Amino acid sequence: MVTDPISDFLTRVRNAQSAGHKVVEIPASKIKKEITKILFEQGYILNYKFEENAVQGAIKIALKYDKQTNKPAIKSIQRASRPGLRQYKGAGELPRVLNGLGIAIVSTSRGVMTDKKARQENVGGEVICYVY
């Protein structure tokens with residue numbers, strides 16, 4: 001049993017990239033699917049596929065690397081809020097990752113979105129992770 005499934009998701013992606021894998025498979029959940037969609041929309045991963053199994057389902061993520069240097073597109077992916085210490089921020093307090101070059105993924109009352117979109121919609125929420 002995993003006590004923090006989102007940390008497990010981020011760690012699997014981080015480990016697969018450091019090992020040079022092209023694809024990583026992760027057990028699915030609604031919030032993990034939303035985080036995967038955001039990573040794809042922001043250009044951090046090549047593609048993804050949701051597979052529906054009998055029990056839980058899985059997410060297959062095709063990782064993105066630089067063609068010349070073969071370095072991963074995601075330089076760093078870190079968990080911000082964790083079960084022992086939740087990080088809630090208002091719309092005006094949302095963090096800017098690398099002065100706007102990276103993204104913070106935020107779980108709001110209007111769904112999971114990036115920090116930039118949350119600022120536009122003027123909503124705050126739980127800061128899930130930082131990606132750059």
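Visitor: Is Tyr 48 buried, partly exposed or exposed, and what is its relative accessible area?
Guide: Keep in mind that this is a predicted model. Buried would need under 20% and exposed over 50%, with partly exposed in between. Tyr 48 therefore counts as partly exposed, with a relative accessible area of 24%.

Visitor: How many aromatic pairs are there?
Guide: Ring centres have to lie within 6.5 Å to count as a pair. By that rule the count is two.

Visitor: What kind of pair do the rings of Phe 40 and Tyr 48 make?
Guide: Their centres are 5.3 Å apart, and their planes stand at 75°. Planes over 60 degrees apart fall in one class, so this pair is edge-to-face.

Visitor: And what kind of pair do Tyr 48 and Phe 50 make?
Guide: Here the ring centres are 5.1 Å apart and the planes lie at 45°. Stacked takes under 30 degrees and edge-to-face over 60, so what is left for this pair is tilted.

Visitor: Which residues do the ring pairs link into a cluster?
Guide: Tyr 48 pairs with Phe 40, and Tyr 48 pairs with Phe 50 too. Phe 40 is partly exposed at 34% relative accessibility, and Phe 50 is partly exposed at 27%. The cluster is Phe 40, Tyr 48 and Phe 50.

Visitor: What is the strand order in the open sheet of three strands?
Guide: The pairing is antiparallel. The edge strands, each pairing on one side only, are strand 1 (23-27) and strand 2 (45-51). On average, neighbouring strands are turned by 20° against each other, direction ignored. The order reads 1-3-2.

Visitor: Which residue is the bridge partner of Val 23 in strand 3?
Guide: Strand 1 and strand 3 (residues 58-63) pair in the antiparallel sense over five bridges. In strand 3, the partner of Val 23 is Ala 62.

Visitor: Which strands does helix 2 touch as it packs on the sheet?
Guide: Helix 1 (residues 5-19) packs on the sheet too, touching strand 1 and strand 3, with its direction at about 165° to that of strand 1. Helix 2 (residues 30-41) has a direction about 155° from that of strand 2. Helix 2 touches strand 1, strand 2 and strand 3.

Visitor: How far is Lys 60 from Ile 77 in space, C-alpha to C-alpha?
Guide: Lys 60 is in strand 3 and is partly exposed, with a relative accessible area of 30%. Leaving out residues up to four places away in sequence, Lys 60 touches several residues, among them Val 23, Glu 25 and Tyr 48. Ile 77 is 17 residues from Lys 60 in sequence, and the distance in space is 18 Å.

Visitor: Why is strand 6 largely enclosed by the rest of the structure, and how many of its six residues are buried?
Guide: Strand 6 (residues 103-108) is largely enclosed because most of its residues fall under the 20% cut-off for buried. Of the six, the buried number is five.

Visitor: Which residue in strand 7 stands opposite Ser 107?
Guide: Strand 6 and strand 7 (residues 111-114) form a hairpin with two residues between them. These strands pair in the antiparallel sense over four bridges. Opposite Ser 107 stands Val 112.

Terms used: Residues numbered from 1 in each chain as written. Predicted model: local features only at pLDDT ≥ 70, side-chain atom pairs only at ≥ 80, totals over all residues. Heavy atoms only, no water. Pairing = 2+ DSSP bridges. Axes fitted to C-alpha atoms, helices over the stretch in contact; angles between N-to-C directions. Contact = heavy atoms within 4.5 Å. Phe/Tyr/Trp six-rings, centres within 6.5 Å; stacked < 30°, edge-to-face > 60°. Buried < 20%, exposed > 50% of the residue type's maximum accessible area, 1.4 Å probe, protein only.
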